[in-house]
Amino acid sequence: MRFLVTGGAGFIGSAFLRLLLGPARGESSFDVVNLDKLTYAGNLENLASIAGHPRYRFVHGDICDAGVVNALVADVRPDVIVNFAAESHVDRSILSPAPAFETNLRGTFTLLEAARLHKTPRFLHVSTDEVYGSIDPPHEADENYPLRASSPYSASKAGSDLLALSYFATYKMPVMVTRASNNYGPYQFPEKLIPLMISNALEGKALPIYGAGMQVRDWLHVEDHCRAILAAIERGRPGEIYNIGGSRALPNVEVVKLILDAVGKPHSLMQTVVDRPGHDRRYALSSEKLVRETGWQAAIPFEEGLQATIEWYRNNAAWTARVKSGEYQHYYERNYANR
Ligand code: NAD
Ligand code: DAU
C-alpha cells in the first residue's frame, strides 16, 4: 500500500509514520511519502528512527500549494492520502486565526482536488472532537452530534470535515473523517497542556492554569490514536466519520497534579491565569462505532501512558530545549505575558 501522509513531521503524523515503518511492524509492506511544510511544529528530529528507511521519502512542501500537491499525487499515485497537516493549536488560532484557515481549509481543499483529479482510492482526513464544542454531562458525542465549534481552530477543522464529506456525497470520492480526543505522548510540542506542564514542572517554572482548571478533556495516547487511524483505513467504510475517544476523562487541574506528583514538585507551582476566550468546558466522545466496525480499542491506560511520557521528556531534555528556543519564546510571551 502506498501512503501519502501530510504533516508527518508533527506530533501525531510522526507517530503514525513510526507505526507504519518502525521496527515493531517487522518488514513493512507500506511505501510512505511525507509532505510537510515544516512550520514551527514540524520537526524532522521526530522521524530520526525511520529517516533512512528504504520505503520512506520526505518532501518539503505546503498542502496549500496546488502545483506541489498535484505533481506529487501524480508522481506517487498513492493508494491512500492521510491528512494530518494542520495548524493544530487553539491558543495560536485565537492569537492569529489566518494560518488555521489557510492550512486547515484551503490546504484540505487543495488535497481533495488533487485526489479527485487523480482518482486516489482512499482519503482519510484527520480531525478532532473539538468540532462538537462543549458537551454537557452526562452526554457523549456520537458521529451525528451537531457541530458547535468555539475557536477559529475548531471552526476551521469543522469546515474542512464538511468539505471532505461533500466530496463523498458529490463526487463519490472514498473519503473518511476521524475525530479524536486530546492526544498526549512523546514528541508533542510543548505548547499543549501535558507537554507544557511536564516541561515547566521539570524546570521548576510556574504552570499556567486557565481559569479554575475544571475543564474536562478525554486523554488518548498518540499510539492508540495512530492504531485507530490505521484500523479505519483498513476496515472502515468510505463516506463515514469515526470518533476516536481516549481512555480517561479528567479535569485539567487533576492532570496537572498527577504531573507535579510524578515529577516530585509542589502543587504551589500551579498558577491561575486568565481563562482562554471561548473555552470549551467539556469534551466527551463515544467511539462505539469504530470499536464495533473495526475492533479497535484504546490499549494504553492514562496513568501508565502519562508516566512513560514524563520519562520521555525527562530523557529528551535536549529535544525540548531545541524546540523551546527561538520562535517558542516569542509565542510564550504573547500568550502568557498579560494573563
Ligand atoms: P502538530 O501541530 O504537531 O503538527 C502539524 C504538522 O503539520 C507539522 O509537521 C507542520 O509542519 C505540518 N503543517 C502545518 N501546515 C502545513 C502545510 N500548510 N502544509 C504541509 N504541512 C503543514 O499537530 P498534531 O497535534 O500532530 O495534529 C495532527 C492532526 O491531528 C491535526 O489535523 C489536528 O487537527 C489533529 N488532531 C490533533 C489532536 C491533538 O490532541 N494534538 C487531537 C485530535 C486531532
Ligand atoms: O480535543 C482535541 C484537541 O485537543 C485537538 O484538536 C487540538 O489540536 C489539541 O491542541 C487539543 O486542544 P485543546 O485546546 O483541548 O488542548 P490544549 O492542550 O491546548 O489544552 C487542554 C486543556 O488545558 C484546555 O482546557 C486548556 C487548558 N490549558 C492549556 C494550556 C496550553 C491550560 O489550562 N493552560 C495552558 O497553558
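**Before you start**

Residues are numbered from 1 along each chain as its sequence is written, while chains are lettered from A and ligands numbered from 1 in the order in which they are written. Because the model is predicted, local features need pLDDT of at least 70 and side-chain atom pairs count only at pLDDT 80 or more, whereas totals for chains, interfaces and linings use all residues, and side-chain values use heavy atoms, with hydrogens and water left out.

**Stop 1: ligand 1**

Select ligand 1 and then the 29 residues around it, among which Ile12, Asp36, Ser88, Tyr153 and Lys157 come nearest; a residue belongs to this group if one of its heavy atoms lies within 4 Å of the molecule. Which elements supply at least two residues each to this shell? They are α1 (11-21), β5 (123-128) and α5 (152-171), and β5 gives the most, with three residues. Helices (H or I, at least four residues) and strands (E, at least two) are DSSP runs, numbered from the N terminus.

Colour the shell by class, and you will find twelve nonpolar, twelve polar and five charged residues. In this scheme Ala, Val, Leu, Ile, Met, Phe, Trp, Tyr, Cys and Pro count as nonpolar, Asp, Glu, Lys and Arg as charged, and the others, Gly among them, as polar.

Now look for polar contacts, which are pairs of N or O atoms within 3.5 Å; within protein, one atom must be able to donate a hydrogen and the other to accept it, and residues adjacent in sequence count only if both atoms are side-chain atoms. An oxygen atom of ligand 1 is 3.4 Å from a polar backbone atom of leucine 38, and a backbone N or O atom of threonine 39 lies 3.0 Å from an oxygen atom of the ligand. From the side chain of lysine 157, an N or O atom is 2.7 Å from an oxygen atom of ligand 1. Taken alone, ligand 1 exposes 830 Å², and the protein buries 97% of that. Such accessible areas come from the Shrake-Rupley method with a 1.4 Å probe, and for residues only the protein chains shown count as cover.

**Stop 2: ligand 2**

Next, select ligand 2, which is surrounded by 26 residues, the closest being Thr128, Asp129, Glu130, Tyr153 and Arg276. Here α3 (90-95), α6 (193-202) and β8 (207-210) each supply at least two residues of the shell, and its classes are eleven nonpolar, eight polar and seven charged residues.

Display tyrosine 210, where a polar backbone atom is 2.9 Å from an oxygen atom of ligand 2. Taken alone, ligand 2 exposes 680 Å², of which the protein buries 95%.

**Stop 3**

Select residues 66-76, which form helix α2, and highlight its buried residues, Val69, Leu72, Val73 and Val76. They sit on the same side of α2 because they cover an arc of only 95° around the axis, where the arc is that of the directions from the helix axis to the C-beta atoms. Turn to the face away from this buried side to find the exposed residues Gly67 and Asp75. Buried means under 20% relative accessible area, exposed over 50%, and partly exposed in between (1.4 Å probe, protein chains only).

Move on to arginine 77, found in the loop between α2 and β4 (80-83). Its phi is near 50°, a positive value in a residue other than glycine, and at 43% relative accessibility arginine 77 counts as partly exposed.

**Stop 4**

Select proline 137 and proline 138, which are joined by a cis peptide bond with omega of about 10°; proline 138 lies in the loop between β5 and α5. Tyrosine 187, in the loop between β7 (183-184) and α6, has a positive phi of about 70° although it is not a glycine.

**Stop 5: lysine 289**

Finally, select lysine 289 in helix α9 (residues 288-294). Is lysine 289 buried or exposed? Lysine 289 is buried, with a relative accessible area of 13%, and its side chain reaches the backbone oxygen of isoleucine 241 at 2.9 Å.
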